[in-house]
Amino acid sequence: MNALSSDELTCKAILLGNSSIGKTCIIKRLCENSYDMSTTLTLGASAQTKTICFSNTKRLRLEVWDTAGQECYRSLNKIFYRDAKIVILVYDITNRKTFEDLKYYWYRQVESSCEKNPIIGIAGNKCDLFTEEQVSEEEGQEFAMKVGAIFKIVSALNGTGVNELFKELSAKVFDIRKDVEKKNNIILKEKKKEKKCCR
């Protein structure tokens, strides 16, 4: 995460999960507010940018990375985990295997491969197909609470929950920065006190 100004930050976000669950479509919905039925499988990785605004001056510029979910590319994904401040784990609510893989493969990859503790989001995509649901919202929420992640049911098709998820994750970036600044100020004050005592 790099500072641009006092109220403008930039950071890297990455979407992880199995293939054909809608990661590319979620990014397209976020960045272009559109949906493309002819989206092809992502090979390797690609990135788009999106600025999340909280006020005229307070905003976060996200570099959003899309990654391949196919097994042959999974080892390459670790390269893109580096410096990721936000990691979004995606599953398809109509495909239980994608949720199981999220819990037992993708989340563990984040734990073992990310250099710093990232802000984690979990997105249950394709909520527009709720009649075909194989993973309940409660199950997704329960796992998210267990790992301390921000959870949203989303639809790349109609946009449900997409902007809300990214805005909540972005707000967390500012919250963490505020906590760090507060701790640094406390340390600085303590050092000043020590110097006065030593005189």
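Mentor: What follows covers aromatic pairs, charges over rings, and salt bridges. Please keep in mind that this is a predicted model.

Trainee: How many aromatic pairs does the structure hold?
Mentor: There are five aromatic pairs in the structure. One of them is formed by F99 and F143. Their ring centres are 6.4 Å apart and their planes stand at 80°, an edge-to-face arrangement.

Trainee: Where in the chain do F99 and F143 lie?
Mentor: F99 belongs to helix α3, which covers residues 96-113, and F143 belongs to helix α4, which covers residues 137-147. The two are 44 residues apart, and the pair links distant parts of the chain.

Trainee: Is F99 buried or exposed?
Mentor: F99 is buried, as its relative accessible area is 1%.

Trainee: And F143, buried or exposed?
Mentor: F143 has a relative accessibility of 11%, so it counts as buried, the cut-off being under 20%.

Trainee: Which aromatic pair does Y107 form?
Mentor: Y107 pairs with F143. The arrangement is edge-to-face, with 5.8 Å from centre to centre and 85° between the planes. This pair also links distant parts of the chain: Y107 is in helix α3 and F143 in helix α4, 36 residues apart. Y107 counts as buried, because its relative accessibility is 13%.

Trainee: Which residues form one aromatic cluster?
Mentor: The cluster consists of Y91, F99, Y107 and F143.

Trainee: Changing topic: which ring has the charged end of K12 over it?
Mentor: That is the ring of W65, with the charged end of K12 sitting 5.4 Å from the ring centre.

Trainee: And what does K58 lie over?
Mentor: K58 lies over the face of F174, and the distance to the ring centre is 4.9 Å.

Trainee: Now the salt bridges. What does the count come to?
Mentor: The count comes to eight salt bridges. Among them is the one between the side chains of K97 and D101, at 2.7 Å from N to O.

Trainee: Why are K97 and D101 separated by about one helical turn?
Mentor: They are separated by about one turn because they lie four residues apart in helix α3.

Trainee: What about their exposure?
Mentor: K97 is exposed, with a relative accessible area of 53%, whereas D101 is buried, with a relative accessible area of 15%.

Trainee: Which residue forms a salt bridge with E100?
Mentor: E100 forms one with K103, and the closest N and O atoms are 3.9 Å apart. Both residues lie in helix α3, three residues apart, about one turn of the helix. E100 is partly exposed, at a relative accessible area of 23%, while K103 is buried, at 16%.

Trainee: Which network does this salt bridge belong to?
Mentor: E100 and K103 are linked with R96 and E139 in a network of salt bridges.

Trainee: One more: which residue does E168 form a salt bridge with?
Mentor: E168 forms a salt bridge with K152, with 2.6 Å between the closest N and O atoms. E168 is in helix α5 (residues 162-198) and K152 in strand β7 (residues 150-153). They are 16 residues apart, and the pair links distant parts of the chain. E168 counts as partly exposed, with a relative accessibility of 36%.

Note on methods
Residues numbered from 1 in each chain as written. Predicted model: local features only at pLDDT ≥ 70, side-chain atom pairs only at ≥ 80, totals over all residues. Heavy atoms only, no water. Phe/Tyr/Trp six-rings, centres within 6.5 Å; stacked < 30°, edge-to-face > 60°. Buried < 20%, exposed > 50% of the residue type's maximum accessible area, 1.4 Å probe, protein only. Lys NZ or Arg CZ within 6 Å of the ring centre and 35° of its normal. Salt bridge = Lys/Arg side-chain N within 4 Å of Asp/Glu carboxyl O.
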